[in-house]
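Try each task yourself before you read its solution.

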Amino acid sequence: MDGLAGPLDPDGWLPHSVYVRLNELLPETKLIDIGDMLEQVRAIKSAEEIEVMQRAAGLGDLMLQACRDIARPGVKECEVYGRMVEVMLANGGEQPTLFLWACDRHPYSTTFQTLSI
């Protein structure tokens, strides 16, 4: 299992509630910490991955420029964020897809929503 505390992320990124719930749902399963093994594999990038990262960096630059262009005293945060997302989508980016690992009965809401069309 990846996401537990390790040398690259001392606090881990997997919520404890998810770990507990996995243990409850899979009592016969032994969850093993793989440490930073997956991060070491991810560190080796293919040419295609490097190209995607360069395109993403370019989108980030465009979004930062949009922020610089619109952010002024009196401009609402939602307007700045909306313009940045507009620039990202108009230039080939995708709707942010950050997700919330939620195994609790009443998970906290997140500000990142899926797009409804």
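**Exercise 1.** Work out whether D36 is buried, partly exposed or exposed.

*Solution.* Start with the cut-offs: buried means under 20% relative accessible area, exposed means over 50%, and partly exposed is in between (1.4 Å probe, protein chains only). D36 has a relative accessible area of 25%, so it's partly exposed. Next, place D36 in the chain: it sits in the loop between α1 (16-25) and α2 (37-42). Finally, look across to G3: the two C-alpha atoms are 8.9 Å apart, though 33 residues separate D36 and G3 along the chain.

A quick note on what you're looking at: this is a predicted model, where local features need pLDDT of at least 70 and side-chain atom pairs count only at pLDDT 80 or more, while totals for chains, interfaces and linings use all residues. Residues are numbered from 1 along each chain as its sequence is written, and side-chain values use heavy atoms, leaving out hydrogens and water.

**Exercise 2.** List the residues of the largest nonpolar core, and say which element gives the most to it.

*Solution.* First, the term: a nonpolar core is a set of buried Ala, Val, Leu, Ile, Met, Phe, Trp, Tyr and Cys residues joined through side-chain atoms within 4.5 Å. The largest one has eight residues: L59, M63, A66, V80, M84, V85, V87 and M88. Two elements, α3 (47-70) and α4 (77-90), each give two or more residues to this core. The top giver is α4, with five. In soluble globular proteins, nonpolar side chains tend to be buried together.

Now pick out V80. Setting aside neighbours within four places in sequence, V80 is in contact (heavy atoms within 4.5 Å) with C67, I70, A71 and V75.

**Exercise 3.** Is L64 buried or exposed, or partly exposed?

*Solution.* Locate L64 first: it's in helix α3. Its relative accessibility is 41%, so L64 counts as partly exposed. Then check its spacing from V87: 23 residues in sequence, and 9.7 Å in space from C-alpha to C-alpha.

Conventions: Helices (H or I, at least four residues) and strands (E, at least two) are DSSP runs, numbered from the N terminus.
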